[in-house]
Amino acid sequence: MKRGIILFTILFISLCQNSRIFSQNKQKLEGRAIWAVPANAGKTEKSVKEFVLKCKKANINIIVMLVKNTGGRIFWHSKKFHEAIDPNWKDFDMLKYLVDEAHKYGIRVHAWFCDFPEGKDSPAYKNYPEWAMLNPEGKTTTSEFLANGRPYYMVWMCPARRPGYTDQWLIPMIEEVTRLYNIDGIHHDYVRYPGDVAPNDYCFCDYCLENMLSYNHLHYESMPDLFIKLNEVLPKKEANWWSDNTAKPKNWNKMTRKEKADFFRKGSYIKNGLKDMNYFFFEYRSDAIKRFIRESWEAVHKIRPDIEVSAAVFKNPQVSGRFIGQRWRDFAPWINIMMPMSYRSHFQGDFETFLKLLEEYSRYEVKWAKGLTHLYLGITAHYIYKEEYEPLNNIYNLLNKAKNKTYEKNWNKNIQRSYQQIKKNLSNSAPSLEVKISSLVKKISEKDLTSVIPLLNEIDTLRKNPPPGFYPGEKLKKAIEAVRRGGVEGVVIFAASHIENKKLWSTLEEAFSEPSRPPDKALPIQTLQIEKISNDEKRIDKLEKMVYFFQITSIILAVLFLATIFISIKSFKRLKNVRK
Ligand SMILES: [Zn+2]
């Protein structure tokens, strides 16, 4: 009897275990990634552990950790690029600890590269200034200006030049990280031209000027002095495009950089025809980016055939092809997970409008990526809080000006108006603080400046350390729901720093409360992979059915077994009694 009960218990426990394993495989298929910078992981083993635990609690399954920033500084213990290591990170090998810790929880780590920007004082630019992109005036991107006249700090390097930055610096860096660390993926960012400041002006370096002619075959390389006129046989001028005219201008060798650049930006393929030479310029740029993605893919896959590649890209591949050389459908075959940054800063209008536009964009991204690559949509936990941080920053700036006695017109009224916009959130999240700040705001007037400094201090603290709830988690959740409705495979959050600062970890835990597994690692040619995933699913379904069948049969057998023993004992006792 006892033996029977023990046997039954063991059988039951093992069956429960089995069904748990299978229910893990049945988890929701949703990728959840987060962009993070070294400061999020910190400089001790303990801080790394704490950071990974936060990600684990929020059911994150990929951490995209910055390893090369836009200033050309790197955050791994490089042997080959020692000079480029960020001086603040020379003593702690954060990446190593992060990878080890993340893997304990099954979280994957992608090494995030800001590909083409470097800093003015970065080793790459200092040692090889000839690798930088040049505009028609022969200047680098640091000659550009941002809004409000702020100087542009990044030096963008030419993606096309060979030998150059791409094959001599960037790809060898990517190879080294792949070789030295047990990372799961490489992540490309800034994988484009600098369209934010000058979408039509780069690159016209010496290499690109000549190479654009050859690449598009606008002259015969074997006979560079051969000029063939268009053979006009058809009445419409441009209908003769196929008759092989050499588009290269006759006086090419005497032209200045600016004139050559203008030939590509404003010239015509057919003399006196449509101004269409910029087509060749934009194609050349998109192809240069595509070539880099392919070459870096090949390089890392020689080292680690199972490594993934992901990329942060702009939301519309057609528009970004035109403006920044990032026609991402072209290079999707070498990307496992495309992460279009669908940030609120790339949309206009209020939050509710944004949610509608975001949902529509998500559907389009799905269409564009279909059959090519996995797709996670990038959502920022910063810009969605425009209604909260803009008034706060406005108050902060006005108070700073007042402190320095450079008052703007109606500054005190503007402070009061901005405060009204955040008052409700503040009173919901920190009622006593709201009362305190409210009284300081009321006191602000052109005649009474005594409350400027105390209010500035309060506002500064509020910016740096807001009370939980000041940035309502609902907004982030609504944005995540909008992209889910769009049908994407995953979400990627920008970024851990904003989640930390705005106290949104618990919001992420709620948004991702149901554990998920990311779509399987995919080969770049996705049709095969999609088949594989659905086959995997079918196999799991089949196995699960078998387990349930086995489970039910075993329970019935166990009950029958126990019943038989019970009846036997009863009969045996009865028999004994009869004998007595
Ligand atoms: Zn160039």
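Is Phe264 buried or exposed? I find Phe264 buried, at 0% relative accessibility; buried means under 20% relative accessible area, exposed over 50%, and partly exposed in between, with a 1.4 Å probe and protein chains only.

Notes on the source. This is a predicted model, in which local features need pLDDT of at least 70, side-chain atom pairs count only at pLDDT 80 or more, and totals for chains, interfaces and linings use all residues. Residues are numbered from 1 along each chain as its sequence is written, and side-chain values use heavy atoms, with hydrogens and water left out.

Aromatic pairs. I counted rings of Phe, Tyr and Trp (its six-membered ring) as paired if their centres lie within 6.5 Å, with planes under 30 degrees apart stacked, over 60 edge-to-face and the rest tilted. The count comes to 32 aromatic pairs. Trp252 and Phe264 make an edge-to-face pair, 6.2 Å centre to centre with 85° between the planes. Trp252 is in the loop between α7 and α8 and Phe264 is in helix α8, so this pair ties together parts twelve residues apart in sequence. Helices here are DSSP runs (H or I, at least four residues), numbered from the N terminus. Trp252 is buried too, at 1% relative accessible area. I also noted one aromatic cluster formed by Phe81, Phe116, Tyr128, Trp131, Tyr165, Trp169 and Phe292.

Salt bridges. I took a side-chain nitrogen of Lys or Arg within 4 Å of a carboxyl oxygen of Asp or Glu. The search of the whole structure gave 34 salt bridges. In helix α8, Asp262 and Arg265 are three residues apart, about one helical turn, and their closest N and O atoms are 2.7 Å apart. Asp262 is buried at 18% relative accessibility, and Arg265 is buried at 18%. In helix α17 (residues 473–485), Lys477 and Glu474 are likewise separated by about one helical turn, and their side chains meet in a salt bridge of 3.5 Å, N to O. Glu474 counts as partly exposed, at 46% relative accessibility. Salt bridges with shared partners join Asp201, Lys258, Asp262, Arg265 and Lys266 into one network.

Cysteines. How many disulfides does the structure hold? I found zero disulfides, a disulfide being a pair of cysteine sulfur atoms within 2.5 Å. The closest cysteine sulfur to that of Cys55 is in Cys114, 18 Å away, too far for a bond. Cys55 is buried at 0% relative accessibility, and Cys158 is buried with a relative accessible area of 0%.

Technical notes: Helix = DSSP H or I, 4+ residues; strand = E, 2+ residues; numbered from the N terminus.
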